[in-house]
Amino acid sequence: MDFNAVYHEARQNYCYPLNENELIINIKTGYDVRSVNIVAGDPFAAGILGGGETWEGTAAPIIYTKRLKNQLWWTTTVTPEFKRLKYYFELITDAEEWLYFEDGFVSREQFSLEGRSRQCFTYPWMNESDVNRTPSWVNSTVWYQIFPDRFCNGDSSLDPEGVLPWGGRNEEVKDHSVFYGGDLPGIISKLDYLQELGITGIYLTPVNEAPSNHKYDTSDYERIDPRFGDESTMKRLVAEAHERGIRVMLDGVFNHCGRYFAPWRDVLEKGPESKYYDWFMIKKWPLSKDGTAAKKGELYTFAFYDNMPKLNTNNKEVRDYFTNVVCGWVEKYGVDGIRLDVANEISHRFCKELRERVKAVKPEVYILGEIWHNAFPWLCGDEFDAVMNYPLGESIKDFWIDKSLTNEDFEYTVNRCYTMYMQQTNDVLFNLLDSHDTKRLRSCVKSLDEYFAQLAVLFAMPGSPCIYYGTEIAMDGGYDPDNRRCMPWDEIEAGAFNERIEIVRDLIALRKKEPLLSSRNFHFPNEFAGHPRVIQFRKVDNEKQYLEIIINAGDEDVDILPKGEILLQRHFIDNSLLVNGLIIRKVGF
């Protein structure tokens with residue numbers, strides 16, 4: 001047996017409560033393991049084990065697996081009658097059987113030795129307060145990310161000095177500092193458009209006062225930027241969005257501030273004598289004034305931008321200030337979600353306090369962290385509800401970029417994304433293919449066929465899908481700032497993109513109509529092993545009822561058997577799935 005491939009621990013994403021009654025158990029093994037049994041029972045079923053009693057659990061097979069690159073991931077759900085569980089595993093290969101305990105592997109002969117210790121895995125108690133609870137509404141939400149300055153100019157009286165004429169979709173943006181005049185009234189004016197598209201949540205990049213067009217250099221966290229509107233405009237936006245069944249999420253920049261943030265100005269004026277000096281991470285005073293202070297190690301900033309000094313969220317005053325700010329946003333505006341920028345650099349203590357405070361104001365508020373890597377430490381139920389699922393988006397795009405990748409590679413990498421976290425977290429992951437921080441998807445693919453195939457995968461994955469403004473028209477855009485072009489409303493209203501918009505609208509409508517598309521239960525049946533560039537996966541209700549997604553990303557036509565009800569198709573003719581074609585069908589219902 002490949003012992004090095006086997007891993008389990010009675011915590012994290014290997015053993016955790018799904019709810020008050022059910023416990024999820026996961027274990028990794030090598031591919032040589034053909035079957036796994038869990039032997040489980042109450043720790044005190046045979047007494048307190050102080051008088052020589054022998055504990056015996058009940059064996060049950062673990063039947064659900066996901067294939068990873070070098071390991072198998074086995075998962076089962078157990079319902080402990082008395083809220084606690086003691087267990088070990090039976091691992092069976094073609095030639096061997098081993099028992100796996102917390103202290104290692106034991107043979108049957110060793111297991112039978114009288115008096116030998118049995119150091120079982122134990123989940124001591126399923127405390128209700130320890131259950132990771134995520135907002136119930138997020139899994140059914142389809143998000144739309146808006147960069148306000150480039151979405152729509154609804155009130156020209158708010159335009160900043162030097163505003164540029166509204167650009168077109170083919171007008172590259174090469175200057176980070178320019179303004180086009182998009183604002184909150186503009187967003188309000190397009191809420192009907194978003195509703196018709198099927199959007200049920202909008203995520204706004206920062207709207208608080210800041211000198212830049214992107215607003216990630218905040219000057220005043222308690223004021224709406226006057227170039228966007230004011231407090232009453234923000235309240236109206238949220239109220240009108242809610243009337244249309246659309247939730248609203250704001251962006252909170254708490255890792256760093258901008259150069260005009262009042263406490264930072266006070267520090268620049270008074271130095272160590274400022275009462276705000278410890279609000280920031282300053283290592284040496286005075287600071288160089290030529291923009292090199294961060295690179296010289298004189299202070300910490302966002303990246304190495306001296307004008308974005310890093311906030312010290314280890315400081316209780318800082319934590320209190322920003323938790324009050326966020327609670328104020330929720331109370332004043334009625335927003336439904338908070339996205340934390342550069343969330344992996346903020347102190348865990350701040351994240352825990354923020355969750356406790358904000359959830360007390362609005363229990364179902366969605367707390368989302370911007371973390372691009374495995375974020376399990378932030379997703380244990382006491383900090384964020386979810387993170388932006390960049391690993392999934394990059395995995396999807398890689399399959400089309402790297403033609404050497406096979407459908408097995410695709411399966412491995414997708415399964416990796418959904419075995420990192422608890423199942424309730426998977427339900428509310430923020431799935432995306434592009435954003436204001438990446439190249440636009442359309443500029444990463446060679447054709448619209450590839451473009452819509454990737455969107456089809458996005459809308460069939462567990463979690464909560466998000467499209468970046470302009471995705472519905474397949475808008476181009478390179479890296480920042482070119483990924484922030486102006487939304488071409490004249491062309492849209494003239495019908496130039498009706499076909500593209502209709503495809504995205506169909507994907508959104510299908511996601512809403514078919515609950516299985518948002519389900520966490522999926523597997524890859526591998527029926528196209530001879531066609532390595534054909535993706536096939538099923539969203540499962542039971543063995544005979546499922547939604548099936550098949551996408552041909554290869555160079556040859558592939559025949560597939562007719563089956564079930566076709567829900568969506570592209571380039572599918574006479575039972576042949578053509579090059580770059582896709583089909584979503586419903587089977588067994």
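**Pockets, cavities and cores in close-up**

**View 1. Lining of the largest pocket.** Seven elements each give at least two residues to the lining of the largest pocket: strand 2 (23–29), strand 4 (58–62), strand 5 (64–67), strand 6 (72–78), helix 11 (423–426), strand 21 (522–523) and strand 22 (534–542). Helices (H or I, at least four residues) and strands (E, at least two) are DSSP runs, numbered from the N terminus. This is a predicted model, in which local features need pLDDT of at least 70, side-chain atom pairs count only at pLDDT 80 or more, and totals for chains, interfaces and linings use all residues. Residues are numbered from 1 along each chain as its sequence is written, and side-chain values use heavy atoms, with hydrogens and water left out.

The largest pocket has a volume of about 880 Å³. Its lining holds 33 residues, and Tyr64, Thr75, Asn521, Phe522 and Val540 are the closest to its centre. A pocket is an open set of points on a 1 Å grid over the protein atoms alone, with protein on both sides within 12 Å along at least five of seven lines; a cavity is a set where a 1.4 Å probe fits but cannot get out; lining residues have an atom within 4 Å of a point. Grid points are joined across faces, edges and corners, and a volume is the space filled by probe spheres set on the points.

**View 2. The second largest pocket.** The volume here is about 720 Å³. Of the 27 lining residues, His214, Tyr216, Phe302, Tyr305 and Met308 are the closest to the centre.

**View 3. The largest cavity.** There are three cavities of 30 Å³ or more, and the largest cavity holds about 80 Å³ of space. Among the residues that line the largest cavity are Asn407, Glu411, Phe524, Phe528 and Ile535. Helix 10 (407–417) and strand 22 are the elements that give two or more residues to this lining.

**View 4. The second largest cavity.** This cavity has about 50 Å³ of space. Its lining includes Phe101, Asp103, Phe111, Arg116 and Arg118.

View 5. The largest nonpolar core has 125 residues, and Tyr144 and Ile202 have the most contacts inside it. A second, separate core of 22 residues includes Val6, Leu23, Ile38 and Tyr123. A nonpolar core is a set of buried Ala, Val, Leu, Ile, Met, Phe, Trp, Tyr and Cys residues joined through side-chain atoms within 4.5 Å; buried means under 20% relative accessible area (1.4 Å probe, protein chains only).

Technical notes
Buried < 20%, exposed > 50% of the residue type's maximum accessible area, 1.4 Å probe, protein only.
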